[in-house]
Amino acid sequence: MTDRQPESPYITLRAVRKGYRIGGEVISIFADLHLEIPQGDFVAIMGPSGSGKSTLLNMLAGIENPDAGEIAIGGARLDRMGEAARSAWRAHHMEIVFQFYNLLPMLNAAENVELPLLLKPIPAKERRIRVGKVLDLVGLSGREKQYPALMSGGQQQRVGIARAIAADPDLLLCDEPTGDLDRRSADDVLDMLRLLNRELGKTIVMVTHDPQAALHARRTLHLDKGTFVEEKRAA
Amino acid sequence: MNFLHLARRNAWRKPLRTLLLMFCVTVAFLIYGLTASFLNGAQGSAGASDDLLGVMNAAGRTAPLPMAYLSRITSEPGVASAAYMARLRGYVNVEKNVVSVSAGDPHLMGRVNGKELGLTPELLSALGQTKDRVLVGRALAQAQGWVIGQRITVTSFQTARKDGSRDWRFEIAGIFDGENASTDTYFVLANYDYINAARARNIDSVDAFIVRPADGVSSGTLAARVDKLFANSAAPTRTQSEKQFLEAFLRQYADVGLIINLVVGAAFVTLLMIVINTMVFAVRERTFEIGLLKTLGFSGNRILALVLGETLIIFVIGGTIGLVLTEAVTVLAGPALGLFLSMTALMRAALFIILLGLVTGLIPAINAMRTPITAAFRAR
């Protein structure tokens, strides 16, 4: 791991190669992928199914390792870390917003949001205050005790976002965050992500199929067959 | 919320399954607690003394010894005190209500094992006032509902009176408590002279002599010396400590300790397999959520601790209920059944609860710890 260098991009992928062995054959996803994302950016990644969006997100989250090349986030070399170090790194620097919310059904909204805070040395009282603040921020004040099964998809996604920002991560990875929502709920969630990016300076990388969703990002990268083929910047 | 809370929520997500697992653990520790209480209690040999020696006829427990042996035993160097005892087994009212009467000299009994039986000078004096008076152990008195001053009739199985009757009438002069809860108090202490004067056979004989060795004298060595005294007599003796005697007595029927260990072992192994199997499935059902926790930053060790915490909760609650039930049984039925749950047995049970909780949780916990996030997410 190296010290963070302010002048360098926040996320750097250099010469990343990744493939999957299926049967006796290796299917290449990325042959030589390069990407740079500065801190505070909000990037949407679009592309057809099988273009490598989810694999890219998994590698950025440290869930999968590249076969070759380097992945550096905030100066930390994820590709050189072991499983335990990547867990610790995720706990302190990054959170994921999932398409299907992925809330734990036996915990209520407040407890779901508190989960990542358990990994930090924060006293219980301060944890509760912080949970209240982020639930208020996502418009779910008063629903702390409600269980996921009794919430709409939009509300569950708000809890998912609250959980993602509760630990104050530098980086938010969003995997089709509006893929399971109606248009109105989707717009609410996207507005929230934009707010987090503009007001709180969170770096956001969002994988989406939805062109409307991509419009909320500062720039959109199109991925096809393991290569970025187009980049659009928001007006 | 904290990690324990999270483990508790996981454990209770399927309440029926968790309750059934706890029930299994409760039953296993109830079995363990009761068997340990049996061994610790008056029915086992754990509460028996290793210091007091019993001198019996080498031909068997039912063969008598001459009273004349007492003076030779008492004069043997290393003997602090000695007493004699005749046994009378019979029943009260109905044949299955069996009662054992030990008849001796009150003052000698007080000197030899008065401390162990809790025989105070007042009790011994009360016993000696008239010949038909008896002292009743607390456990027996409670079980029969007897009180001081009550008259009882014991119908002997074998000891007949000179008039041909087998009914022996006594008046209860007092109740003795025993030194501690593990002391056997399920019997009657009577005056030897009363029994001896009235019985038809074996007059002036005893069933056993009880010997207390002097301080610093090895009970084993003294036992050998006493037996040597009568080796060439018409009635050779066999001298054993109270503990050895009880162990040998129980071994007549079976190796009780081995049977108990096998029963407890079988209960624990069955329990282990049931809980491991159930927990493996319970954790497998949650593979996706384990992957999710890992993406949130939960390390493999934290996942391991979470699953182990869950099995520990099941074992601690189930095991504690089992031990509380054991204690309740020993308090309610203990005097009659001679059960006593000692602190050592309790501590050992607590250790078993923790160990079994960890061992049963280990396989599912290691599975959960090792599951890669990508594989966990495919499990949805």
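Visitor: How many of the six residues of strand 10 (residues 208-213) of chain B are buried?

Guide: First, a caution: this is a predicted model. Now the strand. Six of the six residues of strand 10 of chain B are buried, so this strand is largely enclosed by the rest of the structure.

Visitor: Which residues point which way from strand 10 of chain B?

Guide: Read the two faces separately. B:A208, B:I210 and B:R212 point one way. B:F209, B:V211 and B:P213 point the other way. All of these residues are buried.

Visitor: How do strands of a sheet pair?

Guide: They pair through backbone hydrogen bonds, in either a parallel or an antiparallel sense. Take strand 10 of chain B again. Strand 1 (residues 53-57) of chain B pairs with strand 10 in the antiparallel sense, over three bridges. Strand 3 (residues 79-91) of chain B also pairs with strand 10 in the antiparallel sense, over six bridges.

Visitor: Which residue of strand 10 of chain B stands opposite B:G54?

Guide: B:I210 stands opposite B:G54. B:I210 is also the bridge partner of B:A83. Find B:I210 in the model, then look for B:G54 and B:A83.

Visitor: What is the setting of that strand in chain B?

Guide: Chain B has 14 helices and 11 strands. Of its 380 residues, 43% count as buried. Then consider contacts in chain B with a separation of 6 or more: residues 24 or more positions apart account for 80% of them.

Visitor: At what angle do helix 4 (residues 106-117) and helix 5 (residues 121-129) of chain B pack?

Guide: The angle is about 155 degrees, and the axes are 9 Å apart. Angles over 145 degrees count as roughly antiparallel. Helix 4 and helix 5 of chain B are therefore roughly antiparallel to each other. The crossing of helix 4 past helix 5 in chain B is right-handed.

Visitor: Which residues make the contact between helix 4 and helix 5 of chain B?

Guide: Helix 4 of chain B brings B:P106, B:H107 and B:G110. Helix 5 of chain B brings B:L124, B:L127 and B:G128. Sorted by class, the residues of this contact are three nonpolar, three polar and no charged.

Visitor: On to chain A. How do helix 4 (residues 124-137) and helix 5 of chain A cross?

Guide: Their axes come within 9 Å and cross at roughly 135 degrees. That angle makes helix 4 of chain A oblique to helix 5 of chain A. The crossing is right-handed. On the helix 4 side of chain A, the contact uses A:R130, A:V131, A:V134 and A:L135. On the helix 5 side of chain A are A:A162, A:I165 and A:A166. The contact has six nonpolar residues, no polar ones and one charged.

Visitor: Which strands does helix 5 (residues 153-166) of chain A lie across?

Guide: Helix 5 of chain A lies across strand 6 and strand 7 (171-175) of chain A. It runs at about 175 degrees to strand 6 of chain A.

Visitor: What is the strand order in the open sheet of six strands in chain A?

Guide: The order is 6-7-8-3-9-10, with mixed pairing. Strand 6 (94-97) and strand 10 (227-233) of chain A are the edge strands, and each pairs on one side only. The twist averages 20 degrees from one strand to the next. For a parallel pair, look at strand 3 (residues 42-46) and strand 8 (residues 203-207) of chain A, joined by four bridges. There, A:A44 has A:M206 as its bridge partner.

Visitor: What is the order of the open sheet of four strands in chain A?

Guide: This sheet of chain A has the order 2-1-4-5, and its pairing is antiparallel. Strand 2 (25-37) and strand 5 (76-77) of chain A stand at the edges. Each has a single partner strand, so one side of each is left without a neighbour in the sheet. Strand 4 (residues 68-73) of chain A is joined to strand 5 of chain A by two bridges. The bridge partner of A:I73 is A:A76.

Visitor: How many residues of chain B are in contact with chain A?

Guide: 17 residues of chain B are in contact with 21 residues of chain A. Three helices of chain B each supply at least two residues to this side: helix 1 (3-11), helix 11 (287-295) and helix 14 (373-378). Helix 11 of chain B gives the most, with four residues. By class, the side of chain B that touches chain A has six nonpolar, seven polar and four charged residues.

Methods
Residues are numbered from 1 along each chain as its sequence is written. Chains are lettered from A and ligands numbered from 1 in the order in which they are written. This is a predicted model: local features need pLDDT of at least 70, side-chain atom pairs count only at pLDDT 80 or more; totals for chains, interfaces and linings use all residues. Two strands pair if DSSP finds at least two bridges between them. Two residues are in contact if their C-beta atoms, placed from the backbone, lie within 7 Å. Ala, Val, Leu, Ile, Met, Phe, Trp, Tyr, Cys and Pro count as nonpolar, Asp, Glu, Lys and Arg as charged, and the others, Gly among them, as polar. Axes are lines fitted to C-alpha atoms, for helices over the stretch in contact, and angles run from 0 to 180 degrees between N-to-C directions. Angles under 35 degrees count as roughly parallel, over 145 as roughly antiparallel, 65 to 115 as roughly perpendicular and the rest as oblique. A crossing is left-handed if the near helix is turned anticlockwise from the far one by less than a right angle, and right-handed if clockwise. A residue is buried if 20 or more other C-beta atoms lie within 10 Å of its own, exposed if 12 or fewer, and partly exposed in between; C-beta atoms are placed from the backbone.
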